[in-house]
Amino acid sequence: MTRTPAPHDKPVLEINALRKLYRAGSLFSGKQIAAVDGVSLTLDAKPQVFSIVGESGSGKTTLARMILRLVEPTSGSIRLGGRPLTGKDSDRINDFEFRRLVQPIFQNPFEAFSAYLPLDSYLINTAKNLKVAEKTTDGADVVETALRSVGLSFDRVRGKYIRQFSGGELQRISIARALIPSPRLIVADEPVSMVDASLRMNIINLFKMIKEETGVSFVYITHDLSTAYYLSDSVVIMNRGRVVDAGAPQEILADPREAYTRELMGAIPRLGERWPEIEKIKAEASGREAEPLRARA
Ligand SMILES: Nc1ncnc2c1ncn2[C@@H]1O[C@H](COP(=O)(O)OP(=O)(O)OP(=O)(O)O)[C@@H](O)[C@H]1O
């Protein structure tokens with residue numbers, strides 16, 4: 001991959017006092033639940049993986065969906081590269097700009113594509129719709145570059161439908177789709193929870209590599225503190241709609257401020273098994289022997 005990261009000075013994302021209230025109970029009960037309750041956070045301009053970690057029901061998907069403009073906030077604001085994503089400001093990022101700047105990756109890669117369109121056509125249409133195709137090449141070159149970024153090629157997908165791919169391959173193709181417009185931010189909501197365990201680290205490593213090579217930042221939404229620890233530059237822990245802990249992953253895990261974070265660390269059933277796996281992968285990458293894990297919990 002040869003694309004040079006574009007320099008940016010404004011924060012990728014600034015979220016201020018964001019809230020989302022949903023009605024709870026019957027239509028007439030008048031009760032409300034705060035799925036997201038006053039969340040503020042900033043991703044500075046540096047390319048990074050920013051993880052949002054929490055148990056089921058903590059509000060992380062609602063937060064991700066507000067960043068993706070799929071859910072309207074009840075109050076608060078979101079800015080991208082210094083410009084509003086929310087509200088009625090005349091400077092608000094329009095829908096076309098938004099799709100060029102922010103791309104999603106969802107949990108279920110089979111839902112990310114049409115079952116009736118060959119994947120090469122789907123990807124080329126994406127390039128055309130986002131107006132990133134060169135006039136002379138109909139988008140095939142952009143799609144090829146994106147597919148190569150995830151270890152695939154145009155030939156591999158040509159004329160094939162989603163049923164001809166495994167979940168892991170399809171998730172890689174959906175990462176390639178997200179890369180087509182060279183976005184500034186990718187929001188990945190539980191992107192490996194439906195992928196075969198043996199392929200998870202493969203995808204997680206792809207995120208790291210793509211961040212370094214293209215300069216895109218990731219918001220990584222997960223319940224899995226171990227992959228967040230391995231992958232992230234920063235982590236926030238969410239509980240009941242609020243951010244209860246935030247910082248570099250090493251800081252959080254070495255000295256969890258909140259009982260909830262400690263619970264989350266203890267509640268990951270395979271933490272003990274998977275961390276040595278991560279240490280082994282890190283060691284392989286750096287060409288040294290895996291060191292025994294120094295537990296901090
Ligand atoms: N459309 C909705 N209507 C009513 N309540 C909702 C809606 N969406 C989410 N909620 C509630 O908001 C809270 C946060 O849900 P959310 O899906 O954001 O959490 P989560 O941490 O992503 O959980 P999961 O990992 O299970 O998706 C939960 O109590 C959920 O029941």
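A: Asn-16 has Ser-77 in S4 as its bridge partner. The model is predicted; local features need pLDDT of at least 70, side-chain atom pairs count only at pLDDT 80 or more, and totals for chains, interfaces and linings use all residues. Residue numbers start from 1 along each chain as its sequence is written.

Strand S1 (residues 13-24) and strand S4 (residues 75-80) run antiparallel, joined by 5 bridges. Strands here are DSSP runs of E, at least two residues long, and helices are runs of H or I, at least four; both are numbered from the N terminus. Two strands pair if DSSP finds at least two bridges between them. Strands of a sheet pair through backbone hydrogen bonds, either parallel or antiparallel. Here 4 strands make an open, antiparallel sheet, in the order S2-S1-S4-S5. S2 and strand S5 (83-84) are the edges, each pairing on one side only.

H1 lies across S1, S2 and S4, at about 65° to S2. That angle is between N-to-C directions, on a scale from 0 to 180 degrees, with axes fitted to C-alpha atoms, for helices over the stretch in contact. Contact means C-beta atoms, placed from the backbone, within 7 Å. H1 is mostly covered, with 8 of its 8 residues buried. Buried means 20 or more other C-beta atoms within 10 Å of the residue's own; exposed means 12 or fewer, and partly exposed lies in between. The buried set includes Lys-60, Arg-65 and Met-66. After H1 comes Arg-69, with a positive phi near 60°.

H1 also faces the ligand's shell. It gives the largest share, 3 residues. Strand S2 (31-43) and helix H1 (60-67) each supply at least two. Around the ligand sit Tyr-22, Ile-33, Ala-35, Lys-60 and His-223, among others. A residue counts as near if its C-beta atom, placed from the backbone, lies within 6 Å. The shell divides into 3 nonpolar, 8 polar and 1 charged.

What does Val-187 touch? Leaving aside residues up to four places away in sequence, its contacts are Ala-64, Ile-67, Leu-68, Val-102, Pro-104 and Val-219. Val-187 is among the residues with the most contacts inside the largest nonpolar core, which has 70 residues. Helix H6 (residues 167-179) gives that core the most, 6 residues.

The protein chain as a whole has 11 helices and 10 strands. Of its 297 residues, 37% count as buried.

How values were computed. Ala, Val, Leu, Ile, Met, Phe, Trp, Tyr, Cys and Pro count as nonpolar, Asp, Glu, Lys and Arg as charged, and the others, Gly among them, as polar. Two residues are in contact if their C-beta atoms, placed from the backbone, lie within 7 Å. A nonpolar core is a set of buried Ala, Val, Leu, Ile, Met, Phe, Trp, Tyr and Cys residues joined through C-beta atoms within 7 Å.
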